[in-house]
Amino acid sequence: MSGTGTVARRLKSYVEGAWRTGDGEGAPVLNAATGEVHALIGTAGLDFKAALEWARAAGGPALRALTIHERALMLKAVGLSLMDQKEEFYLENFATGATRTDGWIDIEGGIGTLLTFASKARRELPNTKVLTEGPVEPLSRDGTFSAQHILTPLQGVAVHINAFNFPVWGMLEKIAPTLIAGMPCVVKPASQTAYLTELVVRRILETGILPDGALQIVTGSAGDLLDHVIEQDVVTFTGSASTGQKLKSGAAILQNSVRFTMEADSLNASILGADAGPGTDEFNLFIKEVAREMTVKAGQKCTAIRRIIVPQSYEDAVAEALSARLASTPIGLPDNENTRMGALVSLRDREDVKTKVGLLAREAEIVSGSLDGVALSSGDAEKGAFLSPILLRCADPAGAEAVHSVEAFGPVATVMAYSDNDEAVALAQKGRGSLVSSLFTDDSTVAREIVTGLAPFHGRVLIGNRRSAKSSTGHGSPLAPLVHGGPGRAGGGEEMGGMRGVKHFMQRSAIQGTPELLSAVTGQWTEGAAGHSDIHPFRKSLADLRIGDQIITKAREVTREDVEHFAEFTGDTFYAHMDSEAAKANPFFDDRVAHGYLIASFAAGLFVDPEPGPVLANYGVDNLRFLTPVYFGDSLKVRLTCKEINPRENAEHGEVRWDCQVTNQKDEVVAQYDVLTMVAKEWPAAA
């Protein structure tokens, strides 16, 4: 096992562009499973004010000089490098008390989250430095004054204070959206497992991929770090609610209105639906999921199940099934292949869990496990922070308080019964806000009634049943595309959520002005801005194409024969196109009308340049709206304008968004939409 018979490593902090050791020998950090000193840690004498200033002065400008896609590709390269070195991280992981399976969630789960953010940023965000949000807001009748919301990177530093239980994932899921947004990071891992975070940061910095100042790490006490944050900085915290509240009330944070996001541990619940009795697939899935959440990472997960809410008639069956499954779980050294549950992260944590179980036992009885001893398949129960899974049962959950407010942060959960769906929801709500809740049911009514009651009190709700059993990621797995956080006791914060997470590190501003000047700021053509035309814009590669390049086509008349041919050819014989009397009875039409898709097809025929050229493909249409009916004899023309250019960093093409406006002979807009095309960067293409 890592740490056995070896000299303890003195951890360093990477600040101001160098690895620096704090003053003194450092405090010992123990191997959770063996009790041996694994590392020495300390930050005395380090200049945290200078570290923050260096991030703002060096890291921030370097990141903001890159486009979003350039930042995302940078993170992709970092993630692939880390994945190649994962075995080194697994060896270090054993010292945290976690098994290899536990480590997979942390290590490969963290790297996978980094790579997911890098991929989603390139798919979902434009290759730009300024993001627009929402439509342009017209502010004047003549179109000379408009507004657009934009998002720009904050010009400070993000300080990420992480918990001990996920030393890799906890860091990577925070720095990924931060760096994509264009903000530098200072990572402060929990001391108990900082050695693993420090190792991963070392490997990241060794790649040389990140610009100077983009990433720093503080291993040990944060000292006066938060005394030097300013209004452009962001602080995120994962850990206990009490510590989070203390940090959130810091003088500099309050005085400077520093953004503070907290993700605190919570009393997460899992509910068994009334339809999911013993013998059903849902009952079996529920037992398996609860047992897994109690034993993975020795129950030291912010998303672990703490309250097991079941129908009264199934309470005995649930307690018996869970007790049997937990009793058969091999506990021991995390690097032993037979071990299914390792150690808690420290002996101090084990004592804290025992104290909390004592408080819970005032309202509930222990039905499985013991605080007095633990049967191990390997290891030393005195030296390692081992504890058997503890299952409690509360007879009066509605009248109890501790089971809804005291969290034993370990392999501990309490069974409690409910009489109907309303009571199940009420019991879950007594947790006063949680990160996640789950419901196991195959009944749509149960799902609707319970989930709508859970949602206002939870950041995420998982519904499990037989149909999703093989594909479900489970109760305790935060995923990069989904928000992670929760209201109330859970901290009131929000992380990840795909590209929502990137925006947490940007400033939303409303920009007002003329369409031309808005376009200059956003890099997007805006209605009312000038258009310009020399040659057909489809003849231009990205090297020559400019925002505002435009073509206004000749007109084409829509005839009865056109509409009837289109109806016969496509099979769309909807009455409004084919039956004059029925169409006149429709309050929206005066007579038979042309198909909307016929209008879009004619528009394409009008604006497309048919010869081979830099436009490679049409890959979609956005925001298509048919605004005015088109009748037989109406004449249509198209104004097509280059609206946005989005070059691909690692390809020979980019995406171009075109504003397409179709008008009739009265200059009424009959259709409006965005055309999306792939356009070559150079044309003719390089051989």
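How many of the 13 residues of α6 are buried? Ten of them are, so this helix is largely enclosed by the rest of the structure. Bear in mind that this is a predicted model.

## Helix α6

Helix α6 covers residues 194-206. At 1.5 Å a residue, its 13 residues should span 18 Å, and the end C-alpha atoms do sit 18 Å apart, which agrees.

The buried set starts with a run from the helix's opening residue: Ala194, Tyr195, Leu196, Thr197, Glu198, Leu199, Val200 and Val201, with Arg203 and Ile204 also on the list. Just after α6 comes Gly208, with a positive phi of about 70 degrees.

## Aromatic pairs

Searching the whole structure turns up eight aromatic pairs. Take Phe286 and Phe440: the ring centres are 5.7 Å apart and the planes meet at 75 degrees; anything over 60 counts as edge-to-face, so this pair is edge-to-face. Phe286 belongs to helix α9 (residues 281-295) and Phe440 to strand β18 (residues 434-440), so the pair links distant parts of the chain, 154 residues apart. Both Phe286 and Phe440 are buried.

Phe574 and Tyr575 make a tilted pair, 4.6 Å centre to centre with 45 degrees between the planes. Phe574 is partly exposed at 45% relative accessible area, and Tyr575 also counts as partly exposed, at 34%. Elsewhere, ring pairs tie Phe538, Phe607 and Trp658 into a cluster.

## Arginines over rings

Which ring does Arg202 lie over? That would be Trp19, with Arg202 over its face at 4.0 Å from the ring centre. Arg556 lies over the face of Phe602, 3.6 Å from the ring centre.

Definitions and conventions: Residues numbered from 1 in each chain as written. Predicted model: local features only at pLDDT ≥ 70, side-chain atom pairs only at ≥ 80, totals over all residues. Heavy atoms only, no water. Helix = DSSP H or I, 4+ residues; strand = E, 2+ residues; numbered from the N terminus. Expected span 1.5 Å × (residues − 1). Buried < 20%, exposed > 50% of the residue type's maximum accessible area, 1.4 Å probe, protein only. Phe/Tyr/Trp six-rings, centres within 6.5 Å; stacked < 30°, edge-to-face > 60°. Lys NZ or Arg CZ within 6 Å of the ring centre and 35° of its normal.
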